[in-house]
Amino acid sequence: MYRSKRARILISLFASIFVVFSSMLFFQSLSVGNANQEPYFPDDNPSAYSPEPTEETEPPEETEKPPELKLTNNQKYYKPLISPNSVNVLITASDVVGWNFDTILIMSIDKDAKAVKLLNLPRDIHIDYSDYVLNELKAKKPSFLNEKGINKINAAPSIGNAIEYKKNVGRFQRPYIDFLCDLIEEIFSIHIDDYAYVKVQGVRNIVDYFGGVYINVPILMNYQDPLQNLDIYIEPGPQTLNGRQAEGFLRFRQGWDEHGVWHSYGDLYRKKNQIAFVEAFIRQKVTLANLARINEIAQVIQKNIITSVTDLETVISYGALAEEAVREEFRMESLEIEYVEKRIGGVDYIVIKQEGAQGGDA
């Protein structure tokens, strides 16, 4: 009974995160088309960054381990972002038409600081790959080297799978996950303890199951895309969003204002809204009072995620940590990286501030 209770608390903590980010699988196809054509932006076409589009399904099983070499040319963020004693869970979601992980969120639980920290890595972070990675791509998937945006971090899973990273011996036994996790550790010094890959299913029903989420909508969100059967219209101000509205809130990054003027707010603006929504969801829904509903929630969640959290020992360990976080009211923190925007090879990137850089220059 004791173990069961702790396992359920773990699920309550994870479920809140999984529910929110399952909608993010749709995000990067926002600007594929519109009847008025004005909202179309070629740089937002997922196929431009997706070397090998696939069906919307689980990524294939993995392959073989490469030599233990540097993945980048000594690319290292200039300062630590989290405590080395934190427990870090990577939450990912791919775009609809390809393998690009346009959601790369790290949930870091810091017992010492009594904090749950959320780091949402921008998809456009420039990765300066080492000769090892480039040579592996040249040998196994040379067409990738000519793809637009291949150096963006959201394309890292495609590269990991293409070069068969850590074939059959990787920590997570999935090349795209192992490659991304090792890349994050090399650049940001964040060791990923576990991961959750979120599928496209049921986010509206799940948010509705929890009774919606109360949040302040900062602006009018007005966007339509008939090609995706997407219709977002949310008035500004504090309100409870149902499942359909929550999906629109999480996806919105461009649209018309109250005067009919078109604005492109961008991916970083959207990520701030996503973090605000996650924080609101956790504060409102991750409570001990919700434990009575966890069995039903767990059944829905299990259909929507692939996760490394499977064995009972790990579940119990996380359960104890989650219970402590809930009971002691760990504070929520949103972490941001420092960067400059730079155009490289005709592609817009985010270049992180690195060790030895001055004034934010990379």
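**Note on aromatic pairs and a buried glycine**

1. Start with the rings. One aromatic cluster is formed by Phe210, Phe249, Phe277 and Phe281. The model is predicted. It holds 12 aromatic pairs.

2. Look next at Tyr77. Its ring pairs edge-to-face with that of Tyr78, at 5.1 Å centre to centre and 65° between the planes. Tyr77 is buried, with a relative accessible area of 3%. Tyr78 is partly exposed, at 25%.

3. Tyr77 has another partner, Phe188. This pair is tilted, with centres 5.7 Å apart and planes at 45°. Tyr77 lies in the loop between α1 (2-22) and β1 (87-93), and Phe188 in helix α4 (residues 175-188), so the pair ties together parts 111 residues apart in sequence. Phe188 counts as buried because its relative accessibility is 2%, under the 20% cut-off.

4. Two lysines sit over tyrosine rings. The charged end of Lys353 is 4.1 Å from the ring centre of Tyr78. Lys152 lies over the face of Tyr349, 5.8 Å from the ring centre.

5. Where is Gly212? It lies in the loop between α5 (203-209) and β5 (213-217). At 4% relative accessibility, Gly212 is buried. Beyond four places in sequence, Gly212 touches Val207, Thr240, Leu241 and Lys285. Its C-alpha atom is 9.7 Å from that of Gln284, a residue 72 places away along the chain.

6. Now the whole protein. It has nine helices and 14 strands. Of its 362 residues, 57% count as buried. Among contacts between residues at least 6 apart in sequence, 73% join residues at least 24 apart. The accessible surface is about 15600 Å², and carbon and sulfur atoms account for 48% of that area.

Conventions: Residues numbered from 1 in each chain as written. Predicted model: local features only at pLDDT ≥ 70, side-chain atom pairs only at ≥ 80, totals over all residues. Heavy atoms only, no water. Helix = DSSP H or I, 4+ residues; strand = E, 2+ residues; numbered from the N terminus. Buried < 20%, exposed > 50% of the residue type's maximum accessible area, 1.4 Å probe, protein only. Contact = heavy atoms within 4.5 Å. Areas by Shrake-Rupley, 256 points an atom, 1.4 Å probe, with all protein chains shown as cover. Phe/Tyr/Trp six-rings, centres within 6.5 Å; stacked < 30°, edge-to-face > 60°. Lys NZ or Arg CZ within 6 Å of the ring centre and 35° of its normal.
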